[in-house]
Amino acid sequence: MLSVLNTLTERLRVALEKAFPEAAAEARASGASLDPQLAPASKPEFGDFQANGALALARPLRQQPRAVATAIVEQLAADPAFTALCLPPQIAGPGFINLTLRPEALVAEVASRLADSRLGVPLVGASAAGIQAPSPLAAPVIVDFSSPNIAKEMHVGHLRSTIIGDALARVLEFRGHSVLRLNHVGDWGTQFGMLITHLKQVAPEALITADAVDLGDLVAFYRQAKQRFDEDEAFQTTAREEVVKLQGGDPVSLKAWGMLCDQSRREFQKIYDRLDIRLSERGESFYNPYLPAVVADLEATGLLVTDEGARCVFLEGVSGKEGKPLPVIVQKSDGGFNYATTDLAAIRYRFAAAPAGDGARRVIYVTDAGQASHFAGVFQVARRAGWIPDDGRLEHVPFGLVQGEDGKKLKTRAGDTVRLKDLLDEAVERADADLRRRLAEEGRHEDEAFIRHVATTVGLAAVKYADLSQNRTTNYQFSFDRMLALQGNTAPYLLYAVVRIAGIARKGVEAAGADALGSDPGEYGGDAALVFSEPQECALVRHLLGFDAVIAEVEEELLPNRLCTYLFELSQVFNRFYDQVPVLKAPPEARASRLALCRLTADTLKLGLGLLGIPTLERM
């Protein structure tokens with residue numbers, strides 16, 4: 001109910017100014033305004049909203065909080081715009097003002113959402129009158145996520161970055177932001193000397209004949225090269241020389257490098273296609289030409305210091321064990337660059353105005369929490385260098401580890417890192433087995449195409465939702481049994497809720513002989529036909545109308561679990577409503593309104609799950 005919240009905030013400000021004109025004038029003189037401190041009520045018994053501004057104003061006004069609240073309420077009572085929206089305010093405790101929306105206001109909000117494919121979520125840039133912005137904002141929001149390394153297989157460690165980053169990008173896109181989804185793959189660096197040398201020696205024909213060799217398991221290829229690098233000094237020397245050739249633009253080295261990158265991309269894309277992830281690759285190599293400019297810029301601003309031959313920027317407020325400021329090394333003593341240099345070049349490019357850069361206004365990095373100190377240092381250097389505009393936002397979105405049920409880092413029985421492909425395969429296989437067992441118990445017969453589709457949807461949804469439903473800042477324990485359960489805060493539970501509502505809708509249509517859940521509110525006879533009198537109806541209405549606020553929270557705080565919690569609670573509120581209030585057997589005057597709530601609930605669940613990257617099902 002963001003639009004209602006904004007309207008009430010404005011009416012409360014007007015009431016404050018009329019009740020305390022001198023205080024309002026002082027606030028304006030300092031470039032501020034009196035703050036009513038309006039927020040959604042913490043408990044249903046307190047109404048829909050609660051204004052706490054009277055408590056903050058009491059001391060500067062030298063009045064009791066309840067006296068301040070009484071003066072505000074008196075002004076609200078004389079405001080037709082407010083009284084048309086709310087019942088008479090109630091003063092509670094020391095001076096809280098509780099506000100309850102009129103039933104007809106709730107009905108109007110529900111009716112507007114029934115006619116709105118966005119379910120009340122405004123686009124960024126929409127006017128106060130509700131006119132939608134015609135197109136996404138030009139300055140992009142960049143979401144940097146996934147970021148696997150070339151010649152290494154995607155493993156469970158990439159799961160969280162990929163899924164969280166995609167969900168955040170979907171929410172930002174839905175709000176109308178122009179989002180640039182970047183995959184900052186590790187496609188440059190010293191490891192390529194080792195890989196290219198191994199490729200030249202074991203499959204030289206690959207460099208002269210297209211598709212002469214299939215590299216196959218790149219992980220095995222990488223391990224072979226690494227073992228030779230660790231054990232063979234001659235190979236090690238050749239590999240180091242190869243790095244110099246690659247950085248110098250040697251055509252044969254570049255061809256070998258390109259072959260390795262292409263093979264990896266094909267493997268990565270299989271995972272992305274499976275998870276319905278869209279990404280634009282822009283690896284470390286993209287920023288290679290911009291590295292010298294990073295050094296030049298930092299030198300020009302006086303930030304660069306030479307320490308033991310390396311060129312560094314010493315951080316402010318960050319000290320090491322001996323109490324000395326910690327450095328961010330920008331150029332090594334041998335003249336080479338490192339990850340920090342590449343990340344600084346990326347920040348500089350991303351905020352630079354086009355055509356010299358992306359012209360972004362917000363840049364979001366989705367990586368594990370172990371990189372927090374690295375990004376804190378790099379971000380500080382970028383800010384001090386002046387590369388971030390005054391209105392620019394640079395944010396690290398950290399996440400914890402994926403653990404096994406024993407609370408330790410998730411690994412295979414052999415102690416290896418779990419391959420992401422294997423994890424997804426097992427999720428689908430388990431969902432398939434669960435579905436077949438349930439069909440046998442119910443005596444249902446479904447064709448293989450149906451079983452395959454449902455098992456794939458449920459299995460992948462379970463993996464995604466189990467991750468996204470956790471607060472990303474903490475570690476979480478991976479359990480197939482928990483995530484595939486039909487009870488609790490799981491994807492199967494929510495998918496089943498959508499299926500259940502779809503079943504109610506179908507029965508409603510059959511009973512009415514028409515589309516009882518059509519998209520036109522006029523099919524219910526307009527606003528007047530929507531009547532919500534039962535407590536369970538009103539509870540469901542209020543929860544449904546909170547969808548826009550949850551989306552705004554995720555957009556700002558970048559915590560997808562807020563949306564998961566909302567959807568889970570919505571399904572619970574709906575189940576209580578349906579179990580306690582007749583819908584299909586309700587009197588005709590109530591049936592249409594209740595079916596409308598069913599449809600709005602289904603639409604909200606579908607849209608919310610879609611923003612998490614989870615498709616829904618009509619049957620399970």
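Me: How many aromatic pairs does a search of the whole structure find?

Reply: The search finds 14 aromatic pairs, where rings of Phe, Tyr and Trp (its six-membered ring) pair if their centres lie within 6.5 Å. This is a predicted model, in which local features need pLDDT of at least 70 and side-chain atom pairs count only at pLDDT 80 or more, while totals for chains, interfaces and linings use all residues. Residues are numbered from 1 along each chain as its sequence is written, and side-chain values use heavy atoms, with hydrogens and water left out.

Me: How is the pair of Tyr 290 and Tyr 349 arranged, and which parts does the pair tie together?

Reply: A pair of aromatic rings is described by the distance of the centres and the angle of the planes. For Tyr 290 and Tyr 349 the centres are 5.2 Å apart and the planes stand at 55°, so the pair is tilted (planes under 30 degrees apart count as stacked, over 60 as edge-to-face and the rest as tilted). Tyr 290 lies in the loop between strand E7 (280-281) and helix H12 (291-300), and Tyr 349 in helix H13 (residues 339-351), so the pair ties together parts that are 59 residues apart in sequence. Helices (H or I, at least four residues) and strands (E, at least two) are DSSP runs, numbered from the N terminus. Ring pairs also link Tyr 290 and Tyr 349 with Phe 286 and Tyr 287 into a cluster.

Me: Is Tyr 349 buried or exposed?

Reply: Tyr 349 counts as buried, at 13% relative accessibility, whereas Tyr 290 is partly exposed, with a relative accessible area of 28%. Buried means under 20% relative accessible area, exposed over 50%, and partly exposed in between (1.4 Å probe, protein chains only).

Me: At what angle do helix H9 and helix H10 pack?

Reply: Two packed helices are described by the angle between their axes and the distance between the axes. Helix H9 (residues 218-231) and helix H10 (residues 233-247) pack at about 110°, with their axes 6 Å apart; axes are lines fitted to C-alpha atoms, for helices over the stretch in contact, and angles run from 0 to 180 degrees between N-to-C directions. H9 and H10 are therefore roughly perpendicular to each other (under 35 degrees counts as roughly parallel, over 145 as roughly antiparallel, 65 to 115 as roughly perpendicular and the rest as oblique).

Me: Which residues of H9 make the contact with H10?

Reply: On H9 they are Ala 225, Arg 228, Phe 229 and Glu 231, which meet Glu 233, Phe 235, Gln 236, Ala 239 and Arg 240 of H10, contact meaning heavy atoms within 4.5 Å.
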